[in-house]
Amino acid sequence: MITTKRPHFKQTVGAQYICFATGIDPLVYDSDVEKSETVKNISTTENTESSKVYASGKVYATSNQTSDIEVSTEVIAFVVATLAKMKGESVGAGGLVKSGNGERPFFAYGKTVILSDGVVRLEWFPKCQLTANTDDVSTSEGSFSEQTDTLTISAMPYDDKNIKTYVQSDMEEFPEGLTEDKFFAKPILTDADLVAAAGGEGA
């Protein structure tokens, strides 16, 4: 039997979220999650290695290994104190910021994708580090000209194989009562985390 399905198409990017880790093994997070609604564009690229497995003179299978996911987020503005922390910069009592080769902390990164018919996809990348950022500025020419910067984030496996967690509201398994605010109240790593976020019982 042939079934015709009409998948929902992307309409816009929503908010992004940052939550710094206070411990790595196991992952423990700060209680504060920062929400930002200054996003112009987000792109993700999986860095995957593929190897062919041969048997009996032919390709038996293909082995795929994703080492990390590169997240590139273009913004019109970003909280300077948060960026400084992501870069491992030190801020003195008098406000002097010292930038160079400080140790960059791990953090969870979240983003919202808004699709047609009110469908949303909510995503967490639980173990990330900032790898690069731009800081470009150009002169004003008498009228407003939008200026953006780009942050490049490396999302790594947070356990032995997983890099990202997400839900999409048109899936049959989507938890009843789950909202964007509940999903991003803290990083979601496990099924129990999701149950708890939706308001059910869980760890």
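## Cysteines

Cys19 is buried, with a relative accessible area of 0%; buried means under 20% relative accessible area, exposed over 50%, and partly exposed in between, using a 1.4 Å probe and protein chains only. Cys128 is also buried, and its relative accessible area is 0%. The model is a predicted one, in which local features need pLDDT of at least 70 and side-chain atom pairs count only at pLDDT 80 or more, while totals for chains, interfaces and linings use all residues. Residues are numbered from 1 along each chain as its sequence is written, and side-chain values use heavy atoms, with hydrogens and water left out.

How many disulfides does a search of the whole structure find? The search finds zero, a disulfide being a pair of cysteine sulfur atoms within 2.5 Å. For Cys19, the nearest cysteine sulfur belongs to Cys128 and is 11 Å away. For Cys128, in turn, the nearest cysteine sulfur is that of Cys19, 11 Å away.

## Salt bridges

Side chains of opposite charge can pair when their charged atoms come close. There are six salt bridges in the structure; the term stands for a side-chain nitrogen of Lys or Arg within 4 Å of a carboxyl oxygen of Asp or Glu.

One of them links Lys111 to Glu123, with the closest N and O atoms 3.2 Å apart. Lys111 lies in strand β8 (residues 107-115) and Glu123 in strand β9 (residues 120-133), so this pair ties together parts that are twelve residues apart in sequence. Strands (E, at least two residues) and helices (H or I, at least four residues) are DSSP runs, numbered from the N terminus. Lys111 counts as buried at 7% relative accessibility, and Glu123 is buried with a relative accessible area of 2%. Through salt bridges that share partners, Lys111, Arg121, Glu123 and Lys164 are joined into one network.

## Two further charged pairs

Glu89 and Lys87 meet through their side chains in a salt bridge, at 3.2 Å from N to O. Are these two residues buried or exposed? Both Glu89 and Lys87 are buried.

Glu37 forms a salt bridge with Lys35, and here the closest N and O atoms are 3.9 Å apart. Glu37 is exposed, with a relative accessible area of 66%.

## Trp124

Trp124 is found in strand β9. At 0% relative accessibility, Trp124 counts as buried. In sequence, Trp124 and Ile188 are 64 residues apart, while in space the C-alpha to C-alpha distance is 6.7 Å.

Which backbone oxygen does the side chain of Trp124 reach at 3.0 Å? That oxygen belongs to Phe183. A polar atom of the Trp124 side chain also lies 3.3 Å from the backbone oxygen of Lys186.

## Thr82

Thr82 lies in helix α1, which covers residues 80-86. With 5% relative accessibility, Thr82 counts as buried.

Leaving aside neighbours within four places in sequence, Thr82 is in contact with Ile18, Phe20 and Glu34, where contact means heavy atoms within 4.5 Å.

Technical notes: A polar contact is a pair of N or O atoms within 3.5 Å; within protein, one must be able to donate a hydrogen and the other to accept it, and residues adjacent in sequence count only if both atoms are side-chain atoms.
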